[in-house]
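Please open the model in a viewer and keep the selection tool at hand.

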Amino acid sequence: MKLNTTKLNTLLAETGRTPEDLASALPRAQGSQKKLDEATKAVRNWLRGAEHPRCTASDAAAMAGVLGVQVRDIARFQTQARWVRSSPQKARLLAELIRGKRVDEADMLLEFNCRRASKMVRKALRTAIADAEQADARVERLVVTEARVDQGVIIKRFQPKDRGRAHRIQKKTSHITIGVEEIA
């Protein structure tokens, strides 16, 4: 789960809250002044779009409680399938196909697509949908906001050929990232 920084900043401005108010509600801020300072730094990082330290589900729930909204209103549900044995170029075609579509339409497109990489892209999409359902998001209002494929490691092998030669074989891997968000 990642925070939608534009929605979070808008809600902070509307409610008149400060990052310190959000930080004091976090479970990680309980105990000492040092923990509160670290939580305040974390909230400021999240407000500017940085992901370190990672925002947990309990952190998002605490901030949503302070702002008076649901978790689904400030969160983007993202999943990543790593080390997929498919070329990034082939998987990117499918990522571009589903980007910006409703999740039911994207799922149907991937289900009936004959490309081999569609199984792994669909698996990542369904995982992101399950994360959103767990946070009580309405599935009929979910949209694929992020569909990205990055290159992973290349597994290098050699194939023996005639006259003592060897040809190199590159088995490419990819990292598939799918993010869904509830649109009003």
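The stops that follow concern charged side chains and the contacts between them.

**Before starting.** The structure is a predicted model. A search of the whole structure finds 14 salt bridges; the tour visits some of them.

**Stop 1: a charged surface.** Select R85, K90, R115, R116, K119, R157 and K171, and display their side chains; these residues gather on the surface in a patch of positive charge. Is R116 buried or exposed? Its relative accessible area is 67%, and R116 therefore counts as exposed, the cut-off being over 50%.

**Stop 2: R122 and D107.** Next, select R122 together with D107. Their side chains form a salt bridge in which the closest N and O atoms are 2.7 Å apart. R122 is in helix α7 and D107 is in helix α6, so this pair ties together parts that lie 15 residues apart in sequence. The two partners may also be examined for accessibility: R122, at 24% relative accessibility, is partly exposed, whereas D107, with a relative accessible area of 13%, is buried.

**Stop 3: R122 and E111.** Because R122 lies in helix α7 and E111 in helix α6, the pair ties together parts of the chain 11 residues apart in sequence. E111 has a relative accessible area of 43% and is partly exposed.

**Stop 4: E182 and R138.** Which contact joins the side chains of E182 and R138? They meet in a salt bridge, at 3.8 Å from N to O. This pair links distant parts of the chain, 44 residues apart: E182 is in strand β4 (residues 166–182), and R138 is in the loop between α7 and β3 (142–160). E182 is buried, with a relative accessible area of 5%, while R138 is partly exposed at 33%.

Methods:
Residues are numbered from 1 along each chain as its sequence is written. This is a predicted model: local features need pLDDT of at least 70, side-chain atom pairs count only at pLDDT 80 or more; totals for chains, interfaces and linings use all residues. Side-chain values use heavy atoms; hydrogens and water are left out. Patches are made of residues with over 30% relative accessible area and no salt bridge: like charges are joined within 9 Å, nonpolar side chains (Val, Leu, Ile, Met, Phe, Trp, Tyr) within 5 Å. Accessible areas come from the Shrake-Rupley method with a 1.4 Å probe; for residues, only the protein chains shown count as cover. A salt bridge is a side-chain nitrogen of Lys or Arg within 4 Å of a carboxyl oxygen of Asp or Glu. Lys and Arg count as positive and Asp and Glu as negative; His and the chain ends are not counted. The place of a charge is taken as NZ of Lys, CZ of Arg, CG of Asp or CD of Glu. Buried means under 20% relative accessible area, exposed over 50%, partly exposed in between (1.4 Å probe, protein chains only). Helices (H or I, at least four residues) and strands (E, at least two) are DSSP runs, numbered from the N terminus.
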